[in-house]
Amino acid sequence: MLVRRCGWHRMYFGYPLINGVAAWRGCGLGIKVTDGICRRCAARVHAELRALERTRPAPTSRAA
């Protein structure tokens, strides 16, 4: 069984979030986990990146 979880959720909200089961093959004791990102965490990451872009100084061009 392959379980999907949000790898960012613990950083933002303090607890893991299981997004569902990605595959049911090997449903015995072989449970594996894959990380992704949920919509809520993705929105937060994008907002942080936009904020960083606004605070980053504009690149200066060098005249040769």
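The questions and answers below walk through a predicted model of one protein.

User: In what order do the elements of the protein run from the N terminus on?

Analyst: The model is a predicted one, and the protein in it has two helices and three strands. Read from the N terminus on, these elements follow the order β-α-β-β-α.

User: Which residues make up the largest nonpolar core?

Analyst: Buried residues make up 14% of the 64 residues in the protein, and several cysteines are found among them: Cys6 is buried at 4% relative accessibility, Cys38 is buried at 9%, and Cys41 is buried at 0%. Tyr12 is buried as well, with a relative accessible area of 16%, and its contacts beyond four places in sequence are Cys41, Arg44, Val45 and Glu48. The largest nonpolar core has five residues, namely Cys6, Tyr12, Cys38, Cys41 and Val45.

User: How many disulfides does the structure hold?

Analyst: A disulfide is a covalent bond between the sulfur atoms of two cysteines, and the cut-off applied here is a sulfur distance within 2.5 Å. The cysteine sulfur closest to that of Cys38 belongs to Cys41 and lies 3.6 Å away, which is too far for a bond. Cys41, whose nearest cysteine sulfur is that of Cys38, is accordingly in no disulfide, and the number of disulfides in the structure is zero.

User: Why is the pair formed by the rings of Trp8 and Tyr12 described by the term it receives?

Analyst: A pair of aromatic rings is described by the distance of the centres and the angle of the planes. The count comes to two aromatic pairs, and in the pair of Trp8 and Tyr12 the ring centres are 6.3 Å apart. Trp8 is partly exposed, with a relative accessible area of 35%, whereas Tyr12 is buried at 16%. Because planes under 30 degrees apart count as stacked, and the planes of Trp8 and Tyr12 lie at 15 degrees, the pair is stacked.

User: Which residue lies over the face of Phe13?

Analyst: Phe13 belongs to one aromatic cluster together with Trp8 and Tyr12. Over the face of the Phe13 ring, at 4.0 Å from the ring centre, lies Arg40.

User: Which two residues meet in a salt bridge, and where do they lie?

Analyst: Side chains of opposite charge can pair when their charged atoms come close, and in this protein the count comes to one salt bridge. The N to O distance in this salt bridge is 2.4 Å, and one of the two partners, Arg5, counts as partly exposed at 34% relative accessibility. Arg5 lies in strand S1 (residues 2-6) and Asp35 in strand S3 (residues 32-36), so the pair ties together parts that are 30 residues apart in sequence.

Methods:
Residues are numbered from 1 along each chain as its sequence is written. This is a predicted model: local features need pLDDT of at least 70, side-chain atom pairs count only at pLDDT 80 or more; totals for chains, interfaces and linings use all residues. Side-chain values use heavy atoms; hydrogens and water are left out. A nonpolar core is a set of buried Ala, Val, Leu, Ile, Met, Phe, Trp, Tyr and Cys residues joined through side-chain atoms within 4.5 Å. Buried means under 20% relative accessible area, exposed over 50%, partly exposed in between (1.4 Å probe, protein chains only). Contact means heavy atoms within 4.5 Å. Rings of Phe, Tyr and Trp (its six-membered ring) pair if their centres lie within 6.5 Å; planes under 30 degrees apart count as stacked, over 60 as edge-to-face and the rest as tilted. A charge sits over a ring if NZ of Lys or CZ of Arg is within 6 Å of the ring centre and within 35 degrees of the ring normal. A salt bridge is a side-chain nitrogen of Lys or Arg within 4 Å of a carboxyl oxygen of Asp or Glu. Helices (H or I, at least four residues) and strands (E, at least two) are DSSP runs, numbered from the N terminus.
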